[in-house]
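Have the structure open while you read.

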Amino acid sequence: MSKIITMDDLIDYLKIPDFTQKVDQEIITIKITREQSFQEKTILLKDFPRENKEVNISQTFFMDANNVAYNRYILRGNSYYKNVSYDRDERVFTDAHFQEPLVEVTIPEEIYNGGFQFFINPNNQLVGLVEVVHADNSKDYISFNPSNFSLFNEKTYHYTNVYGEKASENLGISVASLNASVHRFPILSKRLGDRNPYQLSYYYKKDANKMLPSFLLDEDEIPMIALRISFKTLSGALSFLNETIFNFYNEVNDFRSKWRHRFLERVGYHITPVANKSNLKDRKALIYQIPEALYFVFYNKASLWAAVETLASGNITDILGTNEEDLLLKLLKILYHRYTHKYKNKQDVGREVVEEKELVYVREQNNEYLKKLLTVKADNKTLLQKLVDGLDGEQFKAYVYFIWSIWKNSSYANSNPKTNKLIEITEESPVLLDYRSDKTLGFHYDNAKINWEGSKAKIDLSVRVKVGTKEVPELVNVGYGEPKSRFIDTGRTEKVDDYQTLQYSYHPFSPILVKDSKNAGFILKEQNKEEGSLSTKLPAFLLYANDQTAFWENVFTGVEYAVDIVTTVSGVGNLIKVGRLVKLLNKGKTLLYKTKQVTSAIKTVKAAAGAIEVSSGTVNTLLKLTSANDTELGKSISEYLFYLEMVALVGEVSVFLKGKLQKSAKEIVENPKFTKSLDNLVKKGELKVSEKDLVKKEIEKVGGINAKIEDFFKRIKKKGKPIKEIFISDIVKQLKNVTPQGTLIARALDKDDIRRKILDPLSFKAYAQHYSGGKVEHVERISAFEYDGIMFFRETTDVDKFFNEIVHEGTHALDRINDIMEDYDQLYERTKNLVYNGRNVGGYIKELTLDQLVEFRARYFEREFQIVTKQNPDFMTFKEMIKFIKKEY
């Protein structure tokens with residue numbers, strides 16, 4: 001395997017390998033029989049029977065005549081046998097059970113500790129498997145070689161914490177000296193008094209039964225722990241385990257084998273006290289990182305409901321603090337998991353471990369869970385309603401559909417008034433409701449008015465329904481064009497539709513049946529609904545949730561029609577709930593907090609009109625500056641944030657909204673007080689210099705203020721900014737449209753088809769020597785190289801030279817991923833028509849070797865880039881460049 005030099009290398013080395021994209025790779029299988037021939041057979045991974053199950057086996061065991069394996073146990077001098085079975089056969093046998101004596105089988109050391117995985121087929125027969133290309137990459141074991149760590153020097157681990165911020169820890173790393181197979185699943189321990197108390201220990205496979213907390217030696221003076229990684233915080237250790245283990249295995253039953261069970265049990269042991277007894281701050285950090293496989297540690301459901309209540313109180317938002325919306329959803333799912341799963345403890349090597357079983361019938365558990373949503377209160381509202389009102393965007397939809405799915409399999413959903421024991425179904429809360437909704441010109445409307453007072457457990461609903469026709473006097477307006485209308489009775493009558501308003505009162509979980517054919521505009525469509533179904537059964541609270549969604553979508557539509565928002569509300573009347581929006585607008589910034597999508601706005605919103613990309617840091621900074629809303633700058637910022645919210649809520653960037661955003665962004669950037677205000681935040685310690693630069697850069701980008709690349713070089717040099725701090729998005733932006741080749745490289749970088757790594761001088765030298773096989777002379781003279789589609793750069797390189805090298809090494813990377821690097825004919829065909837001084841370069845390159853032609857292409861495009869960006873080219877003439885290439889390559 002490759003050398004482990006950086007933290008990314010370490011994580012790639014330790015994480016569960018992805019076999020899903022290796023179906024065409026060859027594997028070696030070994031049939032394990034009592035003859036002990038261990039014959040190898042090479043097959044494709046896709047041909048390995050999927051029904052085979054992975055098992056943990058001892059190196060020595062016994063086999064019967066049918067090649068079924070048994071483990072022997074000695075009790076009071078008698079031998080007892082338990083078979084290694086496909087279906088976990090619990091029976092125990094004596095020697096008398098077998099017609100032929102059992103044969104003792106020992107798996108050779110090179111197989112047992114050689115990175116093999118062991119499987120069992122439905123006939124209880126064993127087979128070993130190892131992947132040919134990645135023998136060190138089995139799911140349970142790593143082929144450990146200490147020499148691979150000889151150049152490892154980056155010991156800072158970066159991860160995202162509960163506040164959505166980048167956190168880092170300096171890790172302790174200890175490496176043993178033995179080259180052997182190692183368990184991929186580490187054992188977590190806590191060493192009191194250490195600066196980094198939380199330790200992940202990767203044990204040698206041969207020492208599986210000697211789980212010890214430190215580097216103790218066995219009888220042969222051989223260490224039992226190959227690798228130990230120490231963390232300062234439990235959150236850091238959990239984040240690392242998410243990246244290496246839990247992102248791949250996320251259910252308790254993925255950890256049935258003995259060693260995996262030990263791994264999970266030890267992690268659970270250390271987080272259980274924090275999960276159930278610590279203060280909310282500690283629990284938040286834990287909940288943010290915890291995977292589903294560890295939900296079982298939350299045994300205190302009352303404590304979890306209390307945490308939900310606390311988080312739901314006040315404004316629920318992911319801005320300027322904890323990721324509360326995500327935490328609330330995760331807490332609710334953890335709680336539901338606890339209601340619907342049973343756990344039992346079992347003994348394993350003298351230690352209790354957990355086995356999880358999902359309940360088949362969960363109706364009663366669902367009833368209890370839904371009841372809690374009505375009895376727990378936050379801000380004097382039921383938790384059910386508080387979260388409908390408080391959650392937004394994707395979190396809002398996820399919550400509504402989550403509760404709806406639970407409701408469907410609860411007693412609340414029973415629409416029979418005689419058998420529904422949880423709620424009363426009366427004439428005031430009928431199951432069949434003549435509810436109608438539609439959408440016209442982008443506006444949602446319906447025939448209902450819905451009101452839900454948070455402190456009450458009832459939803460008041462009135463529907464306006466047609467009951468027939470009636471005759472009324474025919475009136476004519478004779479005051480047309482005058483200040484006031486004047487009607488006269490013509491003496492005739494006309495028929496008009498007769499409507500009646502019906503008043504109802506529903507329990508939030510009352511079942512309601514609405515006809516789909518009458519509700520073309522109903523927004524919250526039922527998921528996984530059977531085709532051809534004419535109606536939808538839903539809980540009453542869902543009509544309220546749909547009403548909230550329709551309100552906001554109508555706001556967006558008003559903005560899309562480029563009409564002043566308040567005037568729009570006044571104009572469309574009953575299509576939009578006027579009072580609600582005016583009330584929000586009168587509160588100033590309340591609207592800006594409506595959704596996580598706007599205040600975080602992390603993901604790029606894409607559409608044909610272009611893309612708007614603004615980080616949460618930029619939004620948070622701008623919000624700090626809106627306090628000056630009586631100034632021109634404050635007004636511009638408020639306007640920008642308002643339209644950004646409309647973008648986030650609409651879900652795409654229309655031409656109209658993009659124009660509004662660009663106009664307000666340009667006003668912000670061109671206001672001289674903007675930079676001064678940012679500088680003041682820096683002085684107060686509320687903003688870092690790097691964050692200030694990012695804010696300016698992002699607003700400039702939205703405002704369409706594009707500087708030339710040479711101006712970009714000047715700014716970077718003036719600030720003394722190292723190339724490691726240049727964002728990949730900036731590299732892509734600056735490279736695009738400078739030269740055709742630069743644009744191709746920018747696109748490949750943006751799509752992650754090719755990648756770049758910027759290394760400190762020591763790491764750069766190590767990589768260069770490693771990938772060249774030690775053949776590179778005078779490494780200190782080079783500032784970049786390319787290997788396997790990855791560009792490596794020395795971090796001390798100047799910014800202009802850095803971009804030159806991106807074009808140079810990016811050309812190599814593109815040629816490699818396009819599979820033409822080793823094909824002289826294709827390289828020549830793609831190169832011969834390049835132009836120099838008005839002539840094709842075919843005459844210059846026809847005598848070049850393959851290596852020289854590869855280098856020519858990189859030098860040509862680099863020189864072109866240097867000229868366009870007004871730099872002094874490395875070679876003034878083509879003859880100089882050709883002469884240099886022939887000499888050096």
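H21 and H22 cross in a left-handed way (the near helix is turned anticlockwise from the far one by less than a right angle). The contact draws on Ile728, Ile731, Val732 and Leu735 from H21, and on Gly742, Thr743, Ile745, Ala746, Leu749 and Asp750 from H22, with contact meaning heavy atoms within 4.5 Å. Sorted by type, that's seven nonpolar residues, two polar and one charged (Ala, Val, Leu, Ile, Met, Phe, Trp, Tyr, Cys and Pro count as nonpolar, Asp, Glu, Lys and Arg as charged, and the others, Gly among them, as polar).

A word on the source: this is a predicted model, where local features need pLDDT of at least 70, side-chain atom pairs count only at pLDDT 80 or more, and totals for chains, interfaces and linings use all residues. Residues are numbered from 1 along each chain as its sequence is written, and side-chain values use heavy atoms, with hydrogens and water left out.

Now for the two residues, both buried (under 20% relative accessible area, 1.4 Å probe, protein chains only):

| Residue | Relative accessible area |
|---|---|
| Gln871 | 17% |
| Thr6 | 7% |

Gln871 sits in the loop between helix H27 (850–868) and helix H28 (878–888). Leaving out residues up to four places away in sequence, Gln871 touches Phe713, Asp800, Asn804, Phe865 and Gln866.

Thr6 is found in the segment before helix H1 (7–14) (helices are DSSP runs of H or I, at least four residues, numbered from the N terminus). With the residues up to four places away in sequence set aside, Thr6 touches Phe152, Glu154, Lys757, Leu759 and Tyr767.

Definitions and conventions:
Helix = DSSP H or I, 4+ residues; strand = E, 2+ residues; numbered from the N terminus. Buried < 20%, exposed > 50% of the residue type's maximum accessible area, 1.4 Å probe, protein only.
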